[in-house]
Amino acid sequence: MQITKDTVVTLSYQVADAQGKLLETSPEPMAYLHGGYGNTFEKIEAALEGQQAGFATTVVLEPSDAFGERDESLVQTISKADFPPGVKVGGTLRGVADDGGERIFTVVKIKGPQVILDGNHPYAGKTLRFSLKVEDVQAASAEEVAHGHAHGAHGHHH
């Protein structure tokens, strides 16, 4: 079956940076509803359109196609006293950005009484290479199309 609008595509993937260093491997294949529902990056959908199970490709995404450029205004320094105890580098914290939206901040550095947080996605500003393999393609159910996302193989009902 070909990948077209309103098919559920099951992909396994690896993500590497521009230098080819592996950043992430899918622990298990992920399913998404294809067809511009915002479930994956547009460039990935474009690369997979019309393909079938067994198809493999590598898509290179510039930051603007993926997680955006780094925004240095999202790097904040706050006092360790304002933190829950046990804060560690690499830990994450939910916080509110200046625009009022909720963001996940990652602790990038602890300098004495100060904690430096970064609200950028870890892959922001990176060119990413997605190596994709199409494991399965099937027609989406009417319910999946109505909800705009794949419900996975477990048959969850709302």
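1. Let's start with D118: this residue is buried, at a relative accessible area of 8%. For the labels here, buried means under 20% relative accessible area, exposed over 50%, and partly exposed in between (1.4 Å probe, protein chains only).

2. A word on the model before going further: it is predicted, so local features need pLDDT of at least 70, side-chain atom pairs count only at pLDDT 80 or more, and totals for chains, interfaces and linings use all residues. Residues are numbered from 1 along each chain as its sequence is written, and side-chain values use heavy atoms, with hydrogens and water left out.

3. How many salt bridges does the structure hold? There are four, a salt bridge being a side-chain nitrogen of Lys or Arg within 4 Å of a carboxyl oxygen of Asp or Glu.

4. Back to D118, whose side chain meets that of R70 in a salt bridge, 2.9 Å from N to O. D118 sits in strand β8 (residues 114-118) and R70 in the loop between β4 (56-61) and β5 (75-79), so this pair ties together parts that are 48 residues apart in sequence. Strands here are DSSP runs (E, at least two residues), numbered from the N terminus.

5. R70 also has a salt bridge with E72, with 3.1 Å between the closest N and O atoms. R70 is partly exposed at 36% relative accessibility, while E72 is exposed at 51%. Put together, R70, E72 and D118 form a linked network of salt bridges.

6. Have a look at E102 and R94 too: their salt bridge has its closest N and O atoms 2.6 Å apart. E102 is exposed, with a relative accessible area of 55%, and R94 is exposed as well, at 60%.

Note on methods:
Helix = DSSP H or I, 4+ residues; strand = E, 2+ residues; numbered from the N terminus.
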